[in-house]
Each structure stands twice: as structure tokens, then as C-alpha cells.
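Here's a quick briefing for anyone meeting this structure for the first time. Have a look at it, then read on.

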Amino acid sequence: MSAIKIRSALVSVYHKDGLDEIVRELHQQGVQLYSTGGTQKFIANLDIPVTAVEDLTSYPSILDGRVKTLHPAVFGGILARREPAHLDQRKQYELPEIDLVIVDLYPFEESVATTNEEAAIIDKIDIGGISLIRAAAKNYRDVAVVPSRAEYGMFLEMLRETGGELTMEHRREKARRAFKISSNYHIANFNNFNEGTTDFAFKYSI
């Protein structure tokens with residue numbers, strides 16, 4: 001099946017344990033890395049070149065970090081199909097080509113389990129991360145997605161085995177897993193807000 005060679009990756013994660021091996025492997029394979037905030041600092045501290053998302057968007061992280069990646073320069077790079085019309089627009093608007101998105105969401109469920117403070121819980125509702133996951137999964141024909149730290153080990157093994165070339169089958173399966181993770185995340189958000197109402201609670205997908 002049609003394979004893509006990963007040449008660029010956007011990395012924005014909450015949990016960074018296990019990330020070092022992935023970014024080292026990506027760097028060894030010549031992949032251009034883009035990142036944000038704490039993840040960018042983590043990668044830079046590994047002495048691995050990384051470009052700040054702010055350099056793509058010309059905006060700093062704003063509103064206490066609530067808005068970092070939500071910008072056409074980022075989502076255009078992820079959602080652009082590798083076909084003439086989109087490639088022409090990507091060139092026109094100077095959008096990067098992003099082949100891989102690695103995200104690990106804010107730990108919303110952990111927050112709900114450990115505190116009753118509503119502000120702390122609300123703060124852990126991920127907006128940019130979940131949007132990145134869904135965008136990359138939607139464009140799986142051209143983009144691969146790693147939607148959780150639970151996927152780090154599996155992806156690293158695949159990366160080493162394939163030399164960074166992922167088939168359509170690989171990418172579609174990762175999209176499937178990404179939509180499962182995003183669905184369960186939305187369910188957790190809903191069930192938290194739904195507590196105390198007469199509406200039924202949703203169950204997680206298995």
C-alpha cells in the first residue's frame with residue numbers, strides 16, 4: 001500500500017516519559033521537528049534541533065497557554081492533502097508540510113479523580129491537543145498520528161522497523177486508534193459535566 005516517508009513532525013505532549021527515544025530516532029532519520037512550550041524545551045535539552053511553533057504562526061503562546069497551536073499555519077500543514085490544489089495553497093500561504101503529529105492530552109480524568117476544584121478540572125480540558133489529533137486522523141491518507149503516550153512504544157518499534165516509511169494501512173489504523181482516544185476523552189468531559197443530571201452517562205469504547 002502507498003507509503004509516506006516522515007520528513008516533519010509536530011510534537012506537543014503532556015507526559016514526556018518515553019518521548020526521548022522517539023525524538024532521537026526521528027532526528028537520526030532526518031525529520032524536522034516542530035514543538036511547543038515544555039515539549040520544545042524538553043527536546044532542546046536533548047540537544048536535538050527543534051523549531052518553535054511560534055516561528056510558524058508568528059504568535060506566542062497566549063491566554064495562559066490556552067492557545068498555542070490553534071492557527072492556520074499549523075492546521076493547514078496537517079490538513080493539506082498532497083495533491084496539486086492543496087500543495088499550491090500550501091505554497092501560497094507558506095504552510096509547512098507536517099507528516100506526523102505526536103500528542104499526549106492533558107490528564108483530565110486524573111484531575112477529576114484527584115480534586116473537586118472545578119477550576120483545576122476545567123484547566124485540564126485539552127483543546128489544542130484534541131484538535132491536532134482529530135486533524136491528523138482526518139488526513140490519515142497523508143499524515144500519521146500518535147495520539148497518546150500509550151502508543152509511544154508501539155510507534156518507536158514501527159519507526160525503527162520501517163525507517164520512517166508508514167503504509168496507508170499503518171496510518172489508517174493509527175487514525176482509528178486516535179478517534180477512539182478522542183472519543184473517550186470527550187466522553188470523560190461529558191460525564192463530568194453530566195454528573196447530577198438526569199441525563200444518561202456515556203460508556204467508554206473498548
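Which hand does the crossing of α8 and α10 have? The crossing is left-handed, a term for the near helix being turned anticlockwise from the far one by less than a right angle. Keep in mind that this is a predicted model, where local features need pLDDT of at least 70, side-chain atom pairs count only at pLDDT 80 or more, and totals for chains, interfaces and linings use all residues. Residues are numbered from 1 along each chain as its sequence is written, and side-chain values use heavy atoms, with hydrogens and water left out.

**Helices α8 and α10**
- The axes (lines fitted to C-alpha atoms over the stretch in contact) of α8, residues 128-138, and α10, residues 168-194, come within 9 Å and cross at roughly 150°.
- That makes the two roughly antiparallel (angles over 145 degrees, on a scale from 0 to 180 between N-to-C directions).
- Contact (heavy atoms within 4.5 Å) involves residues including Ile130 and Ile133 of α8, and Phe179 and Tyr185 of α10.

**Helices α1 and α9**
- Helix α1 (residues 19-28) packs against α9 (residues 152-162) at about 20°, with axes 10 Å apart.
- That makes α1 roughly parallel to α9 (under 35 degrees).
- This crossing is left-handed.
- Among the residues that meet are Leu19 and Ile22 from α1, and Phe155 and Leu159 from α9.

Note on methods:
Helix = DSSP H or I, 4+ residues; strand = E, 2+ residues; numbered from the N terminus. Parallel < 35°, antiparallel > 145°, perpendicular 65-115°, else oblique.
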